[in-house]
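Here are my notes on this entry. Please read them with the model open.

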Amino acid sequence: MKFLNNSLLKKLRDYDETKTAFHMPGHMRNKETFKTLSEFIGLDITEIDGFDDLHHPEEILKESMDISKKLWNTEGSFYLVNGSTSGIFSAVYSLTKPKDKILIARNCHKSIYHSIEVFDLNFEYVYPKYDESLGIFLSIDANDIEKILRKNSDIKVVLITSPTYEGVVSDIEKIANTVHKHDAKLIVDEAHGASFGLSNYFPKSSIQLGADITIQSLHKTLMSLTQTAILHISDKNLYSKIRKSLEIFQTSSPSYILMSSMDYCIRSIEQNGENLFNNWRENLKYFYEKCKNLENLRVLSNIILDDIFELDNSKITILTNKTDISGYELMNILRSEYDIELEMASFKYVIAYTGIGISIKSLDKLIYALFDIDKKLNLGVCKNFIFNKLLLKRKLSIKDAVMSNLTEVFLKNSISKISGEYVWAYPPGIPILTPGEIITEEVLNLFQKYREENIDLRFSKSKCNDKINIINKK
Ligand SMILES: Cc1ncc(COP(=O)(O)O)c(C=O)c1O
């Protein structure tokens, strides 16, 4: 393709192999000794002459990031080689100092909680609307943010996730207006929405709707390699702070393989995005049309749920809540009987994640499997329970809790104690319990439900799933 002529990938492929390498990486581009690695070695260099420097971009990487800036219409777009996680750390670090208070949505990814821990921040939660019958977080209401900001004039930053794993989008324009009215900044974790703002079929990106900083995982939905992401700013004044933060939270040896995949992704979208997005859109429309005829299973995009501002249709969320199987069971059936591997399951749904590379062949395979399974299912109430929104009381900041003396106890002995660790299901990596919160019977019942479905919960400290670290009061 023509665009490849200017790309980093082409430049790496053309790199003069006669040049003798006395520089990193340690394979020294020696494809004879390391034959099995040769496919990678060919593209793997360090910041040698002519290949620019991610931390001081002036040439090809600058040009590439400038294309991103234009595509999303931002005041600055920065490539990330350490995932959205490094973008979230950089954004939070740039806008806060220790002990500041930030407002986060309860359904934030663990990377946000980790940034709160590391930077020793205080925080309040805003709870998104919640569907108790499905256990799905819905959109965040700007009025709820308004109420919290009125009560807490010391909040400096608001950080929310939109879209969620399930594709639920919040009204970012309204939320941004609310946040700015209170002189705070808005960071949006758009890790699952790298396609946003690039095609009319998908929602606008939050960076185009008033967010100050937006972070997108390019690897999740676009055709860039795992670990790659992008951070956008809408305010020029943030430029140097973000640059400095990125130097802290990213490796000083960014991989040229990863960077060339981001460059390829952005140049492809610039040159051929319309075709790629049209294809994706048409494939999804075809899928949803077919799935209207399912009898027992249902697809979230085909039904109307109150309290969803907008839905990202690239996430195919298949609901099992009117059937006699759980999402976990559906995921297992698809894996073992139809060779289909999904992104994630929950108690009452599964997510078949699609990205820009999704093919009609794959969707046809999924459609066939769903209809085959659907006809064997019984309509009935899924054996699982109603999800109550967990409202846990906090006794200590996350930082103070993890720095405290801890004791490991059996879960059954932990009620009313203060947790010294995080617990989450992965994916989605949203903490169910965080350090500093009081453990309740309700939380333990939820852990038990996961166990009944054979789902391993991840405890950040305890090595076995029936024990937990609590704060030692002595
Ligand atoms: C909502 C959300 N935010 C942030 C992240 C972190 O992204 P990355 O894995 O690109 O660091 C994830 C990862 O799954 C996520 O789901």
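1. An N or O atom in the side chain of T85 sits 2.6 Å from an oxygen atom of the ligand. The side chain of H192 places an N or O atom 2.7 Å from a ligand oxygen atom. Both are polar contacts, that is, pairs of N or O atoms within 3.5 Å.

2. Basis. This is a predicted model; local features need pLDDT of at least 70, side-chain atom pairs need 80 or more, and totals for chains, interfaces and linings use all residues. Numbering runs from 1 along each chain as its sequence is written, and side-chain values use heavy atoms, without hydrogens or water.

3. Helix 4 against helix 5. Helix 5 covers residues 110-118, and its axis is 9 Å from that of helix 4, at an angle of about 40 degrees. Axes are fitted to C-alpha atoms over the stretch in contact, with angles from 0 to 180 degrees between N-to-C directions. Helices are DSSP runs of H or I with at least four residues; strands are E runs of at least two. T85, I88, F89 and V92 of helix 4 meet S111, I112, H114, S115 and V118 of helix 5, where contact means heavy atoms within 4.5 Å. That contact has five nonpolar, four polar and no charged residues.

4. Helix 4 against helix 9. The axes of helix 4 (residues 83-95) and helix 9 (residues 239-249) come within 9 Å and cross at roughly 130 degrees. This pair is therefore oblique. Helix 4 contributes S86, F89, S90, A91, Y93 and S94; helix 9 contributes K241, I242, S245, L246, I248 and F249. By class, the contact residues are seven nonpolar, four polar and one charged.

5. Backbone points to check. Which peptide bond ending at P25 is cis? The bond from M24 to P25, with omega near -5 degrees. P25 lies in the loop between helix 1 (8-14) and helix 2 (38-41). Y426 and P427 are also joined by a cis peptide bond, with omega about -15 degrees. P427 is in the loop between strand 17 (423-424) and strand 18 (431-433).

6. Positive phi. Q227 is not a glycine, yet its phi is near 100 degrees. Q227 falls in the loop between helix 8 (218-221) and strand 10 (229-233).

Conventions
Parallel < 35°, antiparallel > 145°, perpendicular 65-115°, else oblique. Nonpolar A, V, L, I, M, F, W, Y, C, P; charged D, E, K, R; others polar. Polar contact = N/O pair within 3.5 Å; in protein donor to acceptor, adjacent residues only side chain to side chain.
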